[in-house]
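This report describes selected features of one protein chain. Please examine the sequence and the structure shown below before reading on.

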Amino acid sequence: MSTLPSHERVSPRDLSARPEHSPDSPLSIHALTVAYQRKPVLWDVEFEAPGARLIAIVGPNGAGKSTLIKACLGLVAPAAGRVEFWGGPYRRSRIRVGYVPQRESVDWDFPVSALDVAAMGRYALIGWCRPVSRAHKRAAMDALEYVGMGELSKRQISQLSGGQQQRVFLARALAQDADLYFMDEPFAGVDAATERAIIEVLRSLRAKGKTVICVHHDLQTVPEYFDDVMLLNMRVVASGPVGDVFTRENLVATYGGRLTLLDEASEALARAARGGG
Amino acid sequence: MNAPLASISDAASQAPTLTEIVRTLTLTAGFNAKVVVLSAALLGISAGLVGCFALLRKRALMGDALAHATLPGIALAFIIGAAFGLEARSLAVLLPGAAIAGIAGVVCVQLLVHHTRLREDAAIGIVLSGFFGLGVALLSYIQGGNYADAGGLNTFIYGQTAAMLPRDAALMGAVALLTILASVLFHKEFAIVAFNEDYARTQGWPVPRLDLLMMGLVVLVTVVGLQAVGLLLIVALLIIPAAAASFWTRRLRTMVILSGCIGGFSGYLGASVSALTPRMPAGAVIVLTGGVVFLLSMLFAPQRGLLAEQIRTFALRRRVAREHWLRRLYEAQDRGGAPVSIPTHDLVSRGLGLGSVLARVDLRLSGLIEVSGAGASLTERGTREGARVTRNHRLWEQYLMTYADLAPSHVDLSADLVEHVLSPELIDELETALRERKALPERLPDHTEREAGGRP
């Protein structure tokens, strides 16, 4: 029974010293820190997403990639920092932000069809207590067809392969017709055909001026699939165009030397706690 | 403890006549029986509907904690009511007490889960037994004291359907109406929260409030169900109809409706049986009726029932065994260049059991093999079929080896079984893919050519 965390919680220090972010940017993250029971997961994350780009978040296991997405979407409460969407708080732009969670995060034995799941992307537009109208069903169906799942729309979701389930999740986000998409490992455990289908969808979203931020685990495909990359290991090691920041040096900094970084941060947090209390 | 065991036809000691049965079932057996059967059916509908959503939200056991937690509430409400000189036994005093204590129980579970390292199952166990223990202690305190009319309190533990009055039936009707309305109005809201909580939150749905609404409905059904089936058994009425319905359908709307129907039917039939049978407590019979419906659903539901599943598994095994036979015979014949006879006991594949034995009968009846003495050999048609099966096998094997990089995502399909379920289109695709990679297996039997060769 927790209440939604506020996004306007601002760390009192620091912020004034930081450069102002542009209100046109779909996503700007300021000094975001997230901790689970005093253990920091994200430390002072600073990021600004340019529009109409495909952006990968890359980093080792436990680097806080999913947590970053969840913190942006208000699913975990930040200890400090602020996340802005088009210069405003998330609650004002919910409808423009799509989310594709990790496939493993739900029970696929739930009694719904692929079309039912895709239609969930329209629920917020439909509003309270109203059934899904034909027009909204049509929109959900279009989204399914867009990801090549039109023929399987009536199938119960447990009868779908992993790749097909991932496409249904993608269709649900597309049905919402958002301008910014967060996707948590959309390529994890999918077949080659699905991977191609997803990347085609991402490219067409970019062509329409939309921004997609993906947690991505396959370093090899980063340069081919994405325009920008954020190298994350609890804090942002580097971020920017793939050509500039996806370097060996930065990767080593992200994937190696992780322990020291953690120690450094825990120590800093302990210092902050002492200083504060 | 005699009260809960009483049933409305306590006087009748012989078996019910056909007329009595028909009258009870058609609600014409007199006013009392009508009220009781109707109330139980309405309660069943409410519990079935609400239970369905609670089950899908994985909160079904929470209903049990809630039900047990109502007991101290009932006892305290009685004590407080008596202190204020109210008619302490009246439901208007007891049920609010039950509801408040039930909600307190749920809140305790939530607090334990959120603020300690305890998991939900442990938290539910602690709250359930703790509150119930407190309730039992309070009840014996009440019975030791000078309270008039305290004897009936423990009917809430086992329920006493037979004591239902017309106003109880009206209450059940109101609750049923409310749950039906809520199930219709909040269908999609409950669905999105139960399926994918995080996603629902990003879409702006107030998950805690929707959960509260759902639990509120559970509280309502539990509390009004207390005097009918009792707090020990009410959870069964929440879980069983939904669980039974889940065997019949994989569509949410159908499942909710079916769950309500099964609940209503259990209430109706259970209360009727109890009315006809002396000394049969209605609560138990209602739950047992639901249990029978569940059992039948689990066994005989056409798609997801155990029997259907067994039949499907067996059919697949038989097919696998059949194709193993054909491939073994074909490969032996292919090496030798002429039809060979292989001892049949060599052909029975271990692990396929009866399926393998039946496969032999199958193959023989369909004219694919000939059995002479202790050996079996392929007929001409059997040779063609064997070629096809062997070809599929080698293509699949080669595909797995060639595309080893893709295969990991498909390993769960069990490589050995897949080849038996590949469609002809998929086989064609396999072949094209392998040909493009110049990786077609050597010695690929070509059953189509043989067929073509046979034509004039």
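## The sheet

In this predicted model, β5(A) and β6(A) pair in the parallel sense over 4 bridges. Within this region, A:V100 stands opposite A:M183 in β6(A). In general, the strands of a sheet pair through backbone hydrogen bonds, either parallel or antiparallel.

These two strands belong to an open sheet of 6 strands with mixed pairing, in the order β5-β6-β7-β3-β8-β9 (chain A). Its edge strands are β5 (97–100) and β9 (235–241) of chain A, each of which pairs on one side only. From one strand to the next, the twist averages 15 degrees.

## A helix across the sheet

Helix α1 (residues 65–72) of chain A lies across β3, β6, β7 and β8 (228–233) of chain A. Helix α1 runs at about 145 degrees to β6(A).

## Helix α7 and its two sides

Which residues of α7(A) are buried? They are A:T194, A:A197, A:I198, A:V201, A:L202 and A:L205. Seen down the axis of α7(A), these buried residues fall within an arc of 135 degrees, so they line one face of the helix. An α-helix has 3.6 residues a turn, so residues three or four places apart point the same way.

The buried residues of α7(A) pack against β3 (54–58), α5 (134–146), α6 (162–175), β6 (180–184) and β7 (211–215) of chain A. On the other side of α7(A), A:A192, A:R196, A:R203, A:S204 and A:A207 are exposed. The helix is followed by A:G209, whose phi is positive, near 85 degrees.

## A buried strand residue

A:A80 lies in strand β4 (residues 80–84) of chain A. A:A80 counts as buried because it has 20 C-beta neighbours inside 10 Å.

How values were computed: Residues are numbered from 1 along each chain as its sequence is written. Chains are lettered from A and ligands numbered from 1 in the order in which they are written. This is a predicted model: local features need pLDDT of at least 70, side-chain atom pairs count only at pLDDT 80 or more; totals for chains, interfaces and linings use all residues. A residue is buried if 20 or more other C-beta atoms lie within 10 Å of its own, exposed if 12 or fewer, and partly exposed in between; C-beta atoms are placed from the backbone. The arc is that of the directions from the helix axis to the C-beta atoms. Two residues are in contact if their C-beta atoms, placed from the backbone, lie within 7 Å. Two strands pair if DSSP finds at least two bridges between them. Axes are lines fitted to C-alpha atoms, for helices over the stretch in contact, and angles run from 0 to 180 degrees between N-to-C directions.
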